[in-house]
Amino acid sequence: MRYFALAALALAPSSLLLTAQNLQQQFLFRTPAISKTQIVFEYANDLWIVSRQGGEANRLTSGVGREFNPHFSPDGSQVAFSGEYDGNIDVYVIRAAGGVPRRLTCHPGPDIAIGWTPDGQRILFNSRRDAFADSGQLYTVAAEGSLPEPLPLVTAEDGAYSNDASHIAYVPLFQWQAAWKRYRGGQTTKIWIADLKDSSIVKIPRENSNDFNPMWVGKKIYFLSD
């Protein structure tokens, strides 16, 4: 009995080593964004950047806290993202070549980076700073720094500009539990197209499905759906 017990203990370290080695080969890369030449993504609460041709990824941010939701500027020279520092989430921007992130919003509520205006001058983000219900609103802030400006939409969670910035495809409704499979209740998400000069909308004709993450490609809108 003693011999078998010692044999088991002798084998235990090698088993643990193999398990650790296997775990080291498994990575969870999240929220990627793509420019013409690079990919930026979230891994282990930091942002990393790598060539679209492959190769070694370099750490872009290393602050104490989580950085997530990266978005390349249209020319690929900057990355906007949300950073959770000091217990609060705000919008930041950093050069794609590296450097020190610059904070763009200062509000006690969470500000979530969503994208850029087509001219690359302003960053689109979601906030509940002026919300009267669960749904948030969309704002823009200058990449060089400014006071945030709201879009003329009563409620909006996510969105993307048309190429000429005259329209925005957006999700108007907040869904507090997005992980429900085959959900068909009152918080089913929709995608509407708003004309920003007068806030008139056109609804993408879908019947009781969860549609989200709209993206313009030319004059077409692509989106995810369940």
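Strands here are DSSP runs of E with at least two residues, helices are runs of H or I with at least four, and both are numbered from the N terminus. Two strands pair if DSSP finds at least two bridges between them. This is a predicted model, where local features need pLDDT of at least 70, side-chain atom pairs count only at pLDDT 80 or more, and totals for chains, interfaces and linings use all residues. Residues are numbered from 1 along each chain as its sequence is written, and side-chain values use heavy atoms, leaving out hydrogens and water.

**Exercise 1.** Count the helices and strands in the protein.

**Exercise 2.** Work out the strand order in the open sheet of four strands, and find its edges.

*Solution.* 
- Step 1: Recall that strands of a sheet pair through backbone hydrogen bonds, either parallel or antiparallel.
- Step 2: Here the order reads β5-β6-β7-β8, with antiparallel pairing.
- Step 3: β5 (66-72) and β8 (102-103) pair on one side only, so they are the edge strands.

**Exercise 3.** Find what share of the protein's residues is buried (under 20% relative accessible area, with a 1.4 Å probe and protein chains only).

*Solution.* Of the 226 residues, 40% are buried.

Key. Buried < 20%, exposed > 50% of the residue type's maximum accessible area, 1.4 Å probe, protein only.
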